[in-house]
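Here are my notes, as promised, written up as numbered points. Have the model open while you read.

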Amino acid sequence: MSQHDNNHEHHGIGYGGLTLVWLGLLALTSITVSIAGISLGEYTLFVAMGIACVKSILVVNYFMHIKFEEPIFKVFIGISLFTLVVIFILTYFDISFR
Amino acid sequence: MANGTVALEEKSFYEESTNRWNKGILAWIFSTDHKRIGLLYLYGISAFFLVGVLAGILMRLELIAPGKDLFEPQFYNQLFTLHGVIMIFLFIIPGLPAIFGNFFLPIQIGAKDVAFPRLNLLSWWIYVVGAIMALISIVLPDGPLDTGWTFYVPYSVRSGTNISLAIMAAFVLGFSSILTGLNFITTIHRMRAPGMTWFRMPLFGWSMYATAWIQIIATPVVGITILLVVLERYFGIGIFDPTLGGDPILFQHLFWIYSHPAVYIMILPAMGVVSEIIPTFARRTIFGYKAIAMSSLAIAFVGYLVWAHHMFTTGISDTSRIIFSLLTFIVALPSGVKVFNWVATMYKGSIDPKPPFIWVMNFIFLFSIGGLTGLVLGSLATDIHVHDTYFVVAHFHYVMFGGVGTIFFAALYYWFPKMFGRMYNIKTANIAAALYFVAFNMLYFPKFIMGYMGMPRRYYDYLPEFEAMQQISTVGSWLMGITMILIFGSLIYSMKKGKKAHKNPWGGVTLEWHIESPPTLENFHEIPTVKTEPYDFSQLKEMDYESK
Ligand code: HEM
């Protein structure tokens with residue numbers, strides 16, 4: 001092996017930052033659990049999905065380090081998410097028009 | 001490895017191990033060499049394929065006359081499930097990427113190996129573990145599963161057979177597929193030789209790239225879905241069970257969100273192989289290189305958007321039926337782009353009809369029938385009539401077997417001399433291709449007619465009016481069995497006894513034809529610098545090829 005391309009630096013937010021993100025995730029989880037008992041009518045789904053989105057943004061950016069990576073990774077994740085959204089929308093064409 | 005001596009460089013990968021065992025099975029099953037791993041897949045996948053063929057022939061035997069002939073209805077159900085599961089999960093999905101992708105993708109882009117050789121070996125091991133789990137599920141006391149390869153709820157939740165283990169096997173096999181995809185995407189992004197720009201990459205590489213994306217994005221969906229079935233069986237979580245507020249149709253949505261793109265995991269690599277073989281034997285650069293490359297990506301993307309065409313009769317909403325029917329027709333566009341470009345490549349070429357080319361002609365014919373009957377199924381009104389009949393069975397055999405299966409053989413005949421350094425008998429190969437064509441159409445064409453007349457799929461019995469056609473089909477299955485014996489027999493013989501192959505027997509110009517047959521451990525003496533587009537046949541003048 002002649003190539004070593006490990007020379008890009010590992011920046012991040014350090015242990016303190018990571019702990020903060022972790023606490024944030026725990027807080028969001030407890031919100032999810034506590035509002036599960038409250039009837040929000042048709043907003044239930046949106047609230048639950050909203051919280052889940054915030055949590056995954058935190059995990060993807062900090063724990064999975066995407067915030068500090070090259071743009072190509074962001075493009076890849078963007079394409080995957082876009083596909084997922086399209087799949088959701090198409091499924092709703094069935095569920096909501098039945 | 002440091003600069004090898006001349007003596008070292010002339011050894012082929014068969015003679016040089018990547019681990020501490022020099023010889024024997026351990027030197028193979030723990031090898032991280034992409035070529036050895038490709039061959040390991042070849043042996044495993046071919047073995048399962050033959051088991052699947054045997055199950056198919058047995059089913060056809062039961063159908064030789066109306067009424068019960070050989071076995072009980074339950075055994076027929078288990079046979080078609082076994083046949084479907086083997087053919088889909090163990091043969092056709094991993095087939096081309098795992099065998100030929102592993103062996104040739106790195107070579108075609110000028111690399112020594114894939115980006116993650118150990119992960120590559122792991123993916124083979126995961127394949128083996130998944131396959132063993134599937135085999136165990138057959139022999140355990142409750143018996144092989146009987147749901148069909150689609151595991152539809154509610155039956156898969158209720159059936160008393162070994163569903164859970166078989167489903168876990170499919171789950172594990174999915175991981176193998178994901179790892180292969182991950183490896184290929186990274187390899188293509190990071191390991192291309194100097195000068196090998198994206199648009200100088202052989203089209204097989206493009207098709208592997210598109211395939212790898214589907215493997216990564218879609219496979220987890222089916223993994224989770226079938227895990228939910230297991231949870232439903234053990235804990236009654238109610239996600240698919242209507243009495244608990246669940247929705248059985250949701251299973252079909254989730255299942256096909258993977259399994260439809262999975263048909264593109266099967267066909268895209270096959271289309272890539274076709275785009276390699278046609279220029280080589282027409283001695284002409286491919287027509288519309290960029291259009292073919294981009295149509296692979298387009299197929300991969302549009303392939304995500306059509307899954308509900310498997311569900312037109314399940315009671316999904318009319319709005320979605322119309323949308324999915326429309327989207328289905330759109331997939332025909334990029335597929336059409338490819339077929340027209342291939343035909344245009346042959347136009348005014350100097351065609352040399354060697355066996356790989358003849359197999360590709362088989363492909364174009366059979367796949368076109370499969371693809372066009374797909375449009376019959378994709379249009380709502382006609383689908384209502386032929387849904388779940390033999391018409392569908394004929395359609396998917398024409399696309400999967402006639403399309404991808406045919407290209408499996410085409411690829412084998414094309415790259416055999418490179419992989420094994422030996423040549424097979426051309427005449428036998430031609431006879432096999434002709435026999436295959438006859439057998440195939442005998443076996444499956446009657447199924448279109450029977451399906452149109454109303455013969456349902458997955459039945460072990462039928463009305464007397466179908467007898468003649470069922471028998472033609474059964475005789476076709478025997479002929480197909482003979483063809484398989486001929487193909488595998490002659491190739492296995494040639495692996496050992498065939499005459500030494502020239503390093504470029506066909507006059508191909510992509511990178512694999514520039515190196516030794518069989519290749520050395522690191523493929524290239526030194527990493528090549530690429531200066532031309534992939535199918536530039538003017539370089540053939542300076543190359544060493546057989547008819548010179
Ligand atoms: C000699 C070769 C083959 C024969 C004789 C054969 C025959 C059959 C028969 C008789 C059925 C059951 C039809 C029914 O009752 O519904 C069937 C189903 C099926 N075959 Fe094949 N087949 C062969 C090769 C293949 C190949 C190469 C593939 C895939 C690449 C394949 C994939 C399937 C699938 C997915 C099913 C559906 C199973 C299910 O209903 O769950 N077959 N085949």
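1. Leaving aside its neighbours within four places in sequence, which residues is B:Thr483 in contact with? B:Ala432, B:Leu435, B:Tyr436 and B:Ala439, where contact means heavy atoms within 4.5 Å. B:Thr483 itself sits in helix H16 (residues 467–497) of chain B. Helices here are DSSP runs (H or I, at least four residues), numbered from the N terminus. B:Thr483 counts as buried because its relative accessibility is 0%; the cut-off for buried is under 20% relative accessible area, with a 1.4 Å probe and protein chains only.

2. Before going on, some ground rules: this is a predicted model, where local features need pLDDT of at least 70, side-chain atom pairs count only at pLDDT 80 or more, and totals for chains, interfaces and linings use all residues. Residues are numbered from 1 along each chain as its sequence is written, chains are lettered from A and ligands numbered from 1 in the order in which they are written, and side-chain values use heavy atoms, with hydrogens and water left out.

3. Now the metal. B:His83 and B:His397 each use NE2 to coordinate the iron atom of the ligand, at 2.0 Å. This pair links distant parts of the chain, with B:His83 in helix H4 (residues 73–108) and B:His397 in helix H14 (residues 390–420) of chain B, 314 residues apart. Donors are N, O and S atoms within 2.8 Å of the metal (3.2 Å for Na, K and Ca); water is not among the atoms, so sites may look incomplete. The iron site has six donor atoms with angles of 87 to 179°, and is octahedral (six donors, opposite ones over 155 degrees apart and all others between 65 and 115).

4. Are those two histidines buried or exposed? B:His83 is buried, since its relative accessible area is 15%, and B:His397 is buried too, at 14%.

5. Have a look at B:Pro144 as well, in the loop between helix H5 (117–139) and helix H6 (155–158) of chain B. With 19% relative accessibility, B:Pro144 counts as buried. Beyond its neighbours within four places in sequence, B:Pro144 is in contact with B:Gln78, B:Ser137, B:Ile138 and B:Thr161. The C-alpha atom of B:Pro144 is 9.0 Å from that of B:Phe75, although the two are 69 residues apart along the chain.

6. Last, a helix in chain A: you'll find A:Leu81 in helix H3.

Conventions: Helix = DSSP H or I, 4+ residues; strand = E, 2+ residues; numbered from the N terminus. Buried < 20%, exposed > 50% of the residue type's maximum accessible area, 1.4 Å probe, protein only. Tetrahedral: all angles 85-135°; square planar, octahedral: opposite > 155°, others 65-115°.
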